[in-house]
Amino acid sequence: MYPASVMSAPPSHPRITAVSPLAAVAGGVVTIRGPGIGVVAESSAGVRIGGLVARVVYADRNSIACLVPNGLEGGAAAIRLETAPGETAFVEIGVPVATGVHQVDSPAFGDDGTLYLTYSGARGDQSPVSIFRLGQDGFCEPFVVGIMNPTSLAWAPSGRLFVSSRFDGAVFAIDGEGQMEQVAKDLGVSCGLAFSPEGTLYVGDRSGTIFKVSLSGEVSSFATLPPSVAAFHLAMAPTGSLFVTAPTLSTRDGVHRVDPDGRVTTVTRRFGRPQGLAFDMHGTLHVAEALAGASGLHRVREDGATELVVTAPGLVGVAFDRSGAAVLVSDDTAYRFGKLPSSG
């Protein structure tokens, strides 16, 4: 038997010292930390978020991981533990703003705050609506019809919306009335889109090529990456470099940087299935990780280090508006956050 002086005794008052991450949607996994909090009582109500019971998926002496329950209203939700009476922490819950869409990449915000979302469908399916638009008043309406498998959205510097079709291997320009015009074709399994400040369009072909489309419509090969089992996702950095994710069959996939000359370097390989990516108003890169059990939104620092900022199941994309608000999308739902938590 150990002497009493070296035996570990529980703290007189368990307390919450940290919550990670600080933002979530239903089904995400939040970890709560603090000395002595992890001995969850046998009662099923050991952890509550926003007053609702949260199912515990892991616990040790000083931490508890639990699933965010369905049915929460958006905004700050209180976390309370049966093992730490009187202690309260908070997690920001995303507000569902659109359901019944089918995203396979990030959505896109217009300058006026209107959000554009795709219904992509299974390959070869012709859906009744190709692109929806969601106004700031919350009203969602059909905007574009007739595009087979609309995949990625991007705004040109001219203010015109562009969309790729992975079925047609083409890119279409959309006017303010929702009318489309094909501007490029023969682009393989065309997925991700991004524009340079000068108006050059970059298109990610899932087969492994990033194409460059000039202002005159001339198509050329710009860079080559391994083929993707899902899609190529593109985002243009404020510095003029193109950033790319392209999930493969590897156990670890990366975020890649392509400089203006087409040279490819790897920023980080800390992801299992990285998908949509976007830069916020401060120029910070965010990447949607879709790996089962670890899905969420990550910030990526310049040194390649990553930080989980939102836990969300099945996440495929992210977009930021001019105010800094974020919308995250799974394959069928869009969630809005007024502002993502800052780094600790």
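1. Basis. The model is predicted, so local features need pLDDT of at least 70 and side-chain atom pairs count only at pLDDT 80 or more, while totals for chains, interfaces and linings use all residues. Residues are numbered from 1 along each chain as its sequence is written, and side-chain values use heavy atoms, with hydrogens and water left out.

2. Four strands make up an open sheet with antiparallel pairing, in the order 1-3-7-6. Strands here are DSSP runs (E, at least two residues), numbered from the N terminus, and two of them pair if DSSP finds at least two bridges between them. Strand 1 (18-20) and strand 6 (56-60) are the edge strands, each pairing on one side only. On average, neighbouring strands of this sheet are turned by 15° against each other, direction ignored; the axes are lines fitted to C-alpha atoms, and angles run from 0 to 180 degrees between N-to-C directions.

3. Strands 6 and 7. The antiparallel contact between strand 6 and strand 7 (residues 63-67) consists of four bridges.

4. Strand 33. Of the five residues in strand 33 (residues 333-337), four are buried, where buried means under 20% relative accessible area, exposed over 50%, and partly exposed in between (1.4 Å probe, protein chains only). Strand 33 pairs in the antiparallel sense with strand 10 (residues 95-99) over four bridges, and Thr99 has Thr333 as its bridge partner. Strand 32 (residues 326-329) also pairs with strand 33 in the antiparallel sense, over four bridges. There, Val327 stands opposite Arg336, and a hairpin of three residues joins strand 32 to strand 33.

5. Aromatic pair Tyr116 and Trp155. The whole structure holds five aromatic pairs; rings of Phe, Tyr and Trp (its six-membered ring) pair if their centres lie within 6.5 Å, and planes under 30 degrees apart count as stacked, over 60 as edge-to-face and the rest as tilted. The rings of Tyr116 and Trp155 are edge-to-face, because their planes stand at 75°, with centres 5.5 Å apart. Tyr116 is in strand 12 (residues 115-118) and Trp155 in strand 15 (residues 150-155), 39 residues apart. Tyr116 counts as buried at 8% relative accessibility, whereas Trp155, at 29%, counts as partly exposed. Together with Phe143, Tyr116 and Trp155 form one aromatic cluster.

6. Aromatic pair Tyr202 and Phe222. Here the ring centres are 4.8 Å apart and the planes stand at 55°, so the pair is tilted. Tyr202 belongs to strand 20 (residues 201-205) and Phe222 to strand 22 (residues 219-224), so the pair ties together parts 20 residues apart in sequence. Both Tyr202 and Phe222 are buried.

7. The largest pocket. A pocket is an open set of points on a 1 Å grid over the protein atoms alone, where a 1.4 Å probe fits, with protein on both sides within 12 Å along at least five of seven lines; lining residues have an atom within 4 Å of a point. The largest pocket holds about 1100 Å³ of space, its volume being the space filled by probe spheres set on the points. Its lining has 36 residues, with Phe109, Trp155, Met236, Phe279 and Phe320 nearest the centre. Elements giving two or more residues to this lining include strand 15 and strand 31 (317-320).

8. The second largest pocket. This one holds about 280 Å³ of space. It is lined by 13 residues, and Phe243, Arg257, Phe279, Gly283 and Glu302 lie nearest its centre.
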